[in-house]
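Subject: Structure handover

Hello,

Please find the structure below. My notes on what was found in it follow.

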Amino acid sequence: MWTRKASILGAGGVSLVLVGMMMSNFQMMVFGVAFVAFLAVNSWITGHGDIQVVRTLSADNLYKGDDLYVELEITNPSWRRTQQLEIYDNIPHEMKLRSGLNYMRVNLGPGETTRVRYVLRCPLRGHYSIGPISIRYRDSFNLFSQEMYVDHRSDLIVFPQVREIEEAMVRSRTPKMYTGATTLRTPGPGTEFFSLREYVPGDPFKIINWKAFARTGQLIVNEKCRDAVTDVFILVDSRDISRIGTVLKNPLEVGTVAAASLASYFIKRRDSVALAVYDERLSFLPPDTGDKQYFKILSSLAGVAPKGAMPLQAVTNALSSRFSRGSPVFIISALEGDGTTIPAIRDLAGRGHEVIILSPSSVDFERLVSRIPRTSYEVLKLERQNRLTALAGFGARVIDWMPDVELSQALLQVKMG
Amino acid sequence: MAVPNLSSVGNWLRSPSGKRMIALTLFYLTLGLLFSTVAGTYIVRSEVHQSAYGEDWNDLSSFRADIKEQGITTTSIVSSPLLLEEIQSPRDTVFVVSGIERDTISLPRFSADSSVIQLVEGLGYSTSEIEAISNFVERGGTIVVLDDFGYAQGLADDFGLGYSGHQLYDTQTWDPDLDFNYVWLNITNGFNYSSTSGSRTNTNPCLADADSDGTPDFLEGILGVPTSSDLALCSHRWDSITATYNMDPGYDLLLNQPSAFDKDSAGENADDNLYPIGFSTQDAYLDTNNDGKLTVGFSGTDAGSDEQGPFAMYVKYCRSRNCDNPDSGRAYFVTDGSMLVNSIYDTEGVESGVYGEFNKTPDSNDNRRWALDLIAEALMSNDGNGSISEEAQVIFDESRHQQPSFMGDTYNLLYYILIYFTNDWMAMLLMFLGLFVLFEFIIIKKLDPEPWRHVFSIIYYGYGDSRRYEYYGRANKIKQILLTRVRNVNSLTREEFDALPARELQKMVNDPVLVKFIFEDRRYSMEEIIAVIKRIKTWGRR
Amino acid sequence: MAEDVAIQGEGLETLHLKVLRRKWQILALQITATISLFSMYIMMTRTYGVCDSVESSWCPALDHTLTLGVIEQFLQGQPEALSLPIPDWMTGVGNLGDGRYWMPLFVISILVAGWTILGLQTAKLRRQVNMGILGAALLYLAGLFVINWLIGMIFSFELYLPFGQIDTNRNHVEYLVGPLLLYIQLFILVFYFLPVISGLLGIWGMSKSKISWAIGSTIIYLGLHALLSYEGVRSTIELNLNALPVQIGEATEWGGLVAPEIVPLLIISLLMMIFLESGFATIRYVEYAFKLPESCKKDPEYVKQFDNILNIHLQQTVGVTFFVGLVTALALKFDDLIVDLVSVFEGSQWSEQVKESLELQLTYGTVISALIFVIFIAGLRYIIPWPRISGLIEKGIRQIRDQSV
């Protein structure tokens, strides 16, 4: 493609020739011819963008706020010089360049290789992809330029941060009821033997007790005892309203951090953790334990985005059959804009669940972005207070989480009904 | 290598690239067709003749050869006579137009006289070309216009002449050896400009003889046989066999299918310095009804009959009166485009069969002497020295002749367009406008790609509803919140609370200000609201 | 994976502005631009600084000495003979040929060098020097006059105007004439040398707008000359400006490639292009390096590629200039070739007539055939894989170099 300079040069050249003819001025004509000749000669040395690019990332998964090291290896495999080549690695807007630059101007000779290295900081959780690589090549005199891209992408997941909350859980009154990894006598995936039972289609082969089969001729399977004491249910409110606040500080953002931290804490204790995220619909990860479950939870939390307005009662109703009896339920929600909160929690509590509500104070998050009149703020706070008091009245443990309070700190402020 | 079979060709044709190729081919075919149609209207293929560069019997090669032999540069104009403006020394230049065979492409133009746009251009040459030619004459140049039924009308108009456009039959002077198409134009003295001027042979250096001794002035003082350099441009008057110099001022010109000038326009008009010199006889008729036959009527006005002579057939124009100033411009108009073609001009050549076999050969005539005389008059000094400028040249207009090849026509057209657009005012204006628009277009439309830059942006905000805030500042809302608070603190259900008597409620609240706030329905000032809120905040804690 | 990704390295050579200013490629570009600017100016003065030989008193040619000479003559003719304050050996008045320009160009170079060095100093010092120069200029203009006037009034115990007095000693305004003459002289010099001054400031001060000014003023000079020497204008106003020839002669220069009338015109065009491209390129590249973040300035990969870009630019400046010159010369010569081609492909009548045609003798033919030739050259790239060939050559050279190492 002709650049602006080339177009002006070309048009100028032809105009000079014509005007030179009109005025019988040879200087103008020679100028014009020289301009056009300049274009013609330069059109011989246009570059190309047939390059090989390999991108290497320092990690595929990382925690929010961590640094990502990226390296682009660019090779010109052809026999031609690339001429002036601009290489630009497209990175998501949500990432910040810590050092280096995702852009380089090169002029690669045949077979030459160069490297672009840069460091990104990822301040926002989410699923991202780096790439493609935009390429623009032009000649030295900036007359012809061409754009293209190399479709080479690298995906990565930025997990929410995981906070250390062990101390808080020990010191607070909430976790006292969970006494640690004592074996609960219920069948489930675990390590210790529980009992034998008949094979049911669908059971994995590896749990078949071959000795018993040899003895009896019947397919008998080993049932293991579930390792975990408890199934911990974590309900994360990802409704549209949970985005109140700034992009880095809002109920959902701190909620995912809390959910990840809680999951990490319980999975470390070899408990089973289930995660339910509700926005416009409900997504549920059944209770499980181990690194795989941990990864699943983090990955799912990385992807949540505020949308929809599913009422809490619909969530608890849908999950009622899945809740293990007596298991603790963590609800992480700002408790805004949902009339079913109180009945839903009353039902849960009524069914014998330990309900712990971690409620980021949405009014205070809202205050970060807009100026709320003092009286309105106070009244809003009073209303919220009323709501929390009501919930506490049903036996839920309610934590009013202010924006500038650390998670571990907040967990200590359990408010009893 | 695999030979492509029919099905693979069919597949290719059905593929996107194949379809694209077909579409492209069709597009270019259409474009080519359009172009050739347009070009075809400009380039009308017909016989190629009257070219100074052709060697056929109907070309002017021997005339050009004669000029070259005399040491004069010959040049051609293949695009447009607009180039005459560029001639540095018109005084030493002769422009020969022999047959204007085709019209020109030109734009409508503004004319100064009627101050409106002139939509129809003159025939043959465009207005600016005619201007260029007459300017050339004004600057001292000489033009020779030989045409019969062609497009010389526009140019002749500018000099006050009108080509009749009809063939002339002369019952007296037609050549019986050849046929009635050949007409003799006999001029006793080619330098009798007007009835009062007398013979002005002194205006031509070949005939100027101040002392009337029979030897022209430029040969005075040369003893013995003059050499060809002595004779300069008048060598055609020297008979080397008889060693005599021909001083005859008269010409017997042989014309082929001539026309004539309109009677009313070519009348003797000495004021205009326009001198009709050659006339047909009284018994000449113009084929005004174009029936190709001679129809004699009773009078010239008779509608069905041809017009009767005499008609002017050779007109000379001089910028100076009686052509006295040798440096002034001249224009020669003859109503026959073919009077200088090889078959008439070069009778010797015809005899010797250079131009092929002819049934009849023309008699020797004075066409050559006439043509070379006027060249001498234009290019040779008339001061007795017979000197010729180094820049002397004869330009043949080939721009209005058919070219022997399509390539040649295209080439000429290309030049014509270029020269037209850099010389004609209207076209120049258009071109300037075009260039201006082009530059504007480039400046506005042609934008270089933006430089790439990573922008870190995660700033977006959540809610914030000022109308909601207002609602939360109202007394009613505050009252409602206070009541909910009272209910919560006392662990009452909504029904129980609603059924509560007022006295009980007052007891529960136990704060006169708040009780008053609950029960009194009135407007509150900002300060009062703030005080109430403060009280509510502290209320539960007691 | 994590360990695969290295952090940016740090080499000895960096792309900091201070280093860039001393980088040989950048200096080479700047010097190329400077030399071409000077040569262009000298070439222009040779072509456009001449008056018609008929009357050579004054004409609007590109020659400051003519104007200064006329003013000097006028001043000499005054009742009290005055003269311009800057001496002739400095302005070049009285010299012939290029000698008129060397001294002013030298002085301008010194001044620009000083200005460039000043640009590297601290902002405070720069301001002080600027203020100092401005102050001195003002003081020189008004100082002497004001002091004399005041002293005059003090000594005569009388308030009076410094002009129009019968006592000529009291007309202190005359003290203004000297400084004003100096400024007028300076103004004339600056006007004539504007392309050089502005161009030098642009090249060494890295200012795109100043380079544009240099080109703009050059084009204005050329345009004015073209306009004033245009036949239509010449016939109405007698300016004695030496017009360029319209018809060109035989190609005798450059091994029979170019007509002697064309050579200076062609060289001016080429020099202008070199000046423009080198000047802008310097700024473009330095700007890129300047905008790089600190870590990239130290990264050897960035440094290496920057060197690559500069080296190739320098090579291409040489190559392209040579080829543009050659192609333009060939293109202007191409009308002969057209005639030859025509006589090969066509019958004799048309080729004869084209050969003799006025179009070819005038500029039209030359220019049309030149443009056709240039288009042909541009199209040649589809036939000759030039980048591949040059790439192969480069690869070969590198292999040979590697082997020898």
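Across the interface of chain A and chain B, 19 residue pairs are in polar contact, both residues at pLDDT 80 or more. A polar contact is a pair of N or O atoms within 3.5 Å; within protein, one must be able to donate a hydrogen and the other to accept it, and residues adjacent in sequence count only if both atoms are side-chain atoms.

This is a predicted model: local features need pLDDT of at least 70, side-chain atom pairs count only at pLDDT 80 or more, and totals for chains, interfaces and linings use all residues. Residues are numbered from 1 along each chain as its sequence is written, chains are lettered from A and ligands numbered from 1 in the order in which they are written, and side-chain values use heavy atoms, with hydrogens and water left out.

The interface also holds 3 salt bridges (a side-chain nitrogen of Lys or Arg within 4 Å of a carboxyl oxygen of Asp or Glu). One of them joins the side chains of B:K477 and A:E383, at 3.0 Å from N to O.

Chain A brings 57 residues to the contact and chain B brings 48 residues (contact means heavy atoms within 4.5 Å). About 4,700 Å² is buried between the two chains, and carbon and sulfur atoms give 67% of that area. Buried area is the accessible area (1.4 Å probe) that two parts lose on being put together, summed over both.

Regards
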